[in-house]
Amino acid sequence: MGWLITKYLVTAGVIILVSEMAKRSDKLGGLLGALPLVTIMALIWLHVGQQSEEKIANHAWYTFWYVLPTLPMFLVFPALLQRIGFWPTLIVCIVLTMVIFWMFALVMRRFGVDLL
């Protein structure tokens, strides 16, 4: 139980660090947010949790493929934010990301990468 609490605290600390840095500097906040900190922590938690190398490798592999269809959201969000407001922009971006991900998964299946 202590290990689980430690994981929660470290993970929450990273999110707080990124959001606090973003308050001070758009560029630094964006840079920290773009780093694969959550993925690195997940890989460490899997390793420390004595998961197999195959499981850890699969996590990294699928993370790569799942990141690609999320990238357009980072272009659409700033373009819509001042036009329609925060919450509508967030909803549009979530729906857009889901649609792009679904289409991306269909295309990738043809190349032997099963994402769904």
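1. K23 is exposed, at 64% relative accessibility (exposed means over 50%, buried under 20%, partly exposed in between, with a 1.4 Å probe and protein chains only). The model is predicted: local features need pLDDT of at least 70 and side-chain atom pairs pLDDT 80 or more, while totals for chains, interfaces and linings use all residues. Residues are numbered from 1 along each chain as its sequence is written, and side-chain values use heavy atoms, without hydrogens and water.

2. K23 forms a salt bridge with E20, with the closest N and O atoms 2.9 Å apart (a salt bridge is a side-chain nitrogen of Lys or Arg within 4 Å of a carboxyl oxygen of Asp or Glu). The two residues are 3 apart in helix α1, so about one helical turn separates K23 and E20. E20 is partly exposed at 29%.

3. R24 also meets E20 in a salt bridge, at 3.5 Å from N to O. R24 and E20 are 4 residues apart in α1, and R24 is exposed at 63%.

4. The whole structure has 3 salt bridges. One of them joins D114 and R109 at 3.3 Å, N to O; D114 is partly exposed at 43%, and R109 is partly exposed at 44%. Shared partners link E20, K23 and R24 into one network.

5. Q50 lies in the loop between α3 (37-48) and α4 (53-67). Its phi is positive, about 60°, although Q50 is not a glycine. Most residues other than glycine have a negative phi. Q50 is exposed, with a relative accessible area of 71%.
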